[in-house]
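These are my notebook entries on one structure. I set down what I looked up, entry by entry.

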Amino acid sequence: MPPDEVRAAVSKEFVKLFDTHKAVREISPADIRPDAVHIYSSMLLKVKYFGDGSYDRIAARLAANGKDAPEHSYGETFAPTADESSTLCAFSSFAADSVKHGYTDDISYSNFDVKGAFLWVPRHNKTQVIMRLPSYIDHPLAGKEVEVLKSIYGLKDSNANFDADFRQTIIAAGYRTTVDPCIYIKLAPDPANPLVPHRCIVSTHVDDGRAMYNHRPFYDDLIRTLEAHYGPLSKDDNTTSYTGTTFAHGPGSFTVTQEGYVERLLASTNQPELKPRSTPSDADLFGDTTGTPLCDTKTYRQLVGSLIHLLRTRYDIQKEVVHLSSKMSLPTEGDMIKGIKVLQYLKGTPSLGPRYYTTEGATLYVYVDASYATHHDGRSQTGCSFHIGKHSAPFYVKAGKQTECVSIGSMEAEYVALSQAARKLLEFRYLLEDIGFEQCAPTVIYEDNMSAINLAVAPHITRKSRHIHTRHHFIRDLVSQKLAVVKHLATEDMLADFFTKPYGPKRFCSARDRLFNSA
């Protein structure tokens with residue numbers, strides 16, 4: 001890192017701490033109480049990048065070693081962040097409704113960031129916290145102790161303190177929470193158009209917020225309220241990136257990618273000779289690798305950890321990454337080879353991402369499939385995808401080994417997969433209702449196994465199926481309440497089949513493009 005940039009970043013951080021926010025202060029030994037808690041701190045440096053992967057700046061942050069603080073010195077430590085799938089569900093529904101009712105030109109996307117977020121919020125716990133500054137920093141108080149007054153980064157309860165304050169401030173601007181506690185909605189009738197209310201949806205991730213709205217005053221009111229409380233925000237009135245993703249939108253549609261992250265990941269592997277490939281796996285994806293030598297555990301875990309971060313947008317590698325993540329304890333060379341294949345695939349497809357667009361309106365659809373006894377231990381592979389509009393990209397995908405039971409037949413594997421998806425179905429139906437897109441009709445779940453469908457809709461559980469655990473009959477309850485209806489779909493049209501088995505290149509590319517709504 002350039003020394004001049006580092007010094008400037010560290011100096012800026014101390015100005016924020018001591019002067020702007022008065023989050024810490026110099027203290028004399030006489031003012032330190034006998035029961036004070038003493039902790040250390042570290043100066044962290046990080047290279048920041050824009051969503052497209054280009055260099056932004058070096059950022060410095062002084063972080064308290066809060067892990068060493070005793071329990072009596074902090075309060076609540078939990079703070080939620082918006083689930084990516086909930087955000088995509090809300091935004092894709094809004095976009096779909098704008099297409100159906102003809103107001104795509106009124107839709108806008110913006111994002112904001114609270115600068116020095118935690119430093120605005122006082123510590124709630126009254127225990128005096130004394131922190132020793134690092135001795136290696138260029139500052140007059142280097143190596144000396146200071147008193148912590150605000151919720152600085154690194155204290156165990158700082159995130160929760162800020163979340164409670166942030167939540168209260170957003171609600172004060174007229175917003176209310178939803179099923180996802182970090183997605184907020186402000187909704188009011190439009191006298192000029194009874195079919196299309198004024199709406200602003202805000203998704204928050206710690207101190208970052210992303211908004212989608214068709215009524216600018218709602219968003220402006222939120223920004224005024226936040227700036228009155230936290231000072232000037234970092235704002236982007238035409239969102240192009242957000243929390244590491246690149247965001248592109250058009251009339252009634254938007255696409256989310258992680259091209260910049262893919263490029264940095266590939267560069268970090270230091271394998272310039274890596275040859276691109278057209279699929280992320282071969283037919284042996286779920287094959288047993290225990291007969292191959294163990295590989296370097298740290299390298300493998302770093303690779304898989306980086307790939308997991310890509311699952312926010314890269315649903316095309318979901319089954320591969322989920323399978324590789326199950327090998328973290330004792331990875332082998334065979335597992336590493338499978339991970340390298342994913343990297344090779346990413347090298348040839350860095351800019352891919354889901355495109356959200358439909359003319360059907362904000363209607364929820366689900367695809368569910370299972371592949372019986374795919375894994376070497378006899379367990380089945382299941383997959384499901386949730387969509388707003390049948391042909392739009394999914395906003396939620398799940399692919400993985402069936403862990404709740406070992407199914408004894410393909411019907412049972414499919415039926416268990418149906419019930420697993422049905423549990424998530426309720427969550428998204430409730431969210432859509434919260435943001436004004438109530439699902440008046442039962443949600444269609446597409447399934448390609450008629451025996452599983454017949455069991456889901458049958459008035460009684462058949463004798464041959466009475467061994468199936470009660471929890472797996474959840475789908476029957478949703479069907480009986482008319483919250484869901486299970487419809488047959490041929491296997492060749494089943495989107496979720498993509499998540500249950502490896503495909504050859506031609507079939508893979510066709511299915512992937514259909515999944516991403518980019519065909």
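At what angle do the axes of helix 2 and helix 9 cross, and within what distance do they come? I find that the axes of helix 2 (residues 84–101) and helix 9 (residues 410–434) come within 10 Å and cross at roughly 50°. I take axes as lines fitted to C-alpha atoms, for helices over the stretch in contact, with angles from 0 to 180 degrees between N-to-C directions. Helix 2 and helix 9 are therefore oblique to each other; angles under 35 degrees count as roughly parallel, over 145 as roughly antiparallel, 65 to 115 as roughly perpendicular and the rest as oblique. The crossing of helix 2 past helix 9 is right-handed, a term used if the near helix is turned clockwise from the far one by less than a right angle, and left-handed if anticlockwise. On helix 2, Ser85, Ser86, Cys89 and Ser93 meet Glu427, Phe428, Leu431 and Leu432 of helix 9, contact being heavy atoms within 4.5 Å.

Basis of the entries. I note that the model is predicted, that local features need pLDDT of at least 70 and side-chain atom pairs pLDDT 80 or more, and that totals for chains, interfaces and linings use all residues. Residues are numbered from 1 along each chain as its sequence is written, and side-chain values use heavy atoms, with hydrogens and water left out. Helices (H or I, at least four residues) and strands (E, at least two) are DSSP runs, numbered from the N terminus.

Sheet with strand 1. I looked up an open sheet of five strands in the order 1-6-5-2-3, with mixed pairing; two strands pair if DSSP finds at least two bridges between them. Strand 1 and strand 3 (55–64) are at the edges with a single partner strand each, so one side of each has no neighbour in the sheet. From one strand to the next, the twist averages 35°. Strand 1 and strand 6 (residues 145–148) are antiparallel partners over three bridges, and Arg25 has Glu147 in strand 6 as its bridge partner. Helix 1 packs on this sheet, where it touches strand 1, strand 2 (37–49), strand 3 and strand 6, and its direction makes about 50° with that of strand 3.

Strand 16 (residues 364–371) and strand 17 (residues 381–388) pair in the antiparallel sense over eight bridges, and Ala370 is opposite Thr382 of strand 17.

Helix 3. Which residues of helix 3 are buried? Among them I list Ser158, Phe162, Asp163, Phe166, Arg167 and Ile170; buried means under 20% relative accessible area, exposed over 50%, partly exposed in between (1.4 Å probe, protein chains only). The cover over these buried residues includes strand 4 (108–113), strand 8 (183–188), strand 9 (198–205) and helix 4 (216–230). Just after helix 3, Gly174 has a positive phi of about 95°.

Two buried residues. Pro80 is in the loop between strand 3 and helix 2 and counts as buried at 18% relative accessibility. Not counting residues up to four places away in sequence, Pro80 touches Asp163, Arg167, Pro181 and Cys182. Asn111 is in strand 4 and is buried, with a relative accessible area of 12%. Leaving aside neighbours within four places in sequence, the contacts of Asn111 include Gly209, Arg210, Tyr219 and Asp236.

Most residues other than glycine have a negative phi. I noted Lys22, with phi near 50°, in the loop between helix 1 (3–20) and strand 1 (24–26). Lys22 is exposed, with a relative accessible area of 54%. I also noted Lys482, with phi near 60°, in the loop between helix 11 (474–480) and strand 20. Is Lys482 buried or exposed? Lys482 counts as exposed, at 61% relative accessibility.
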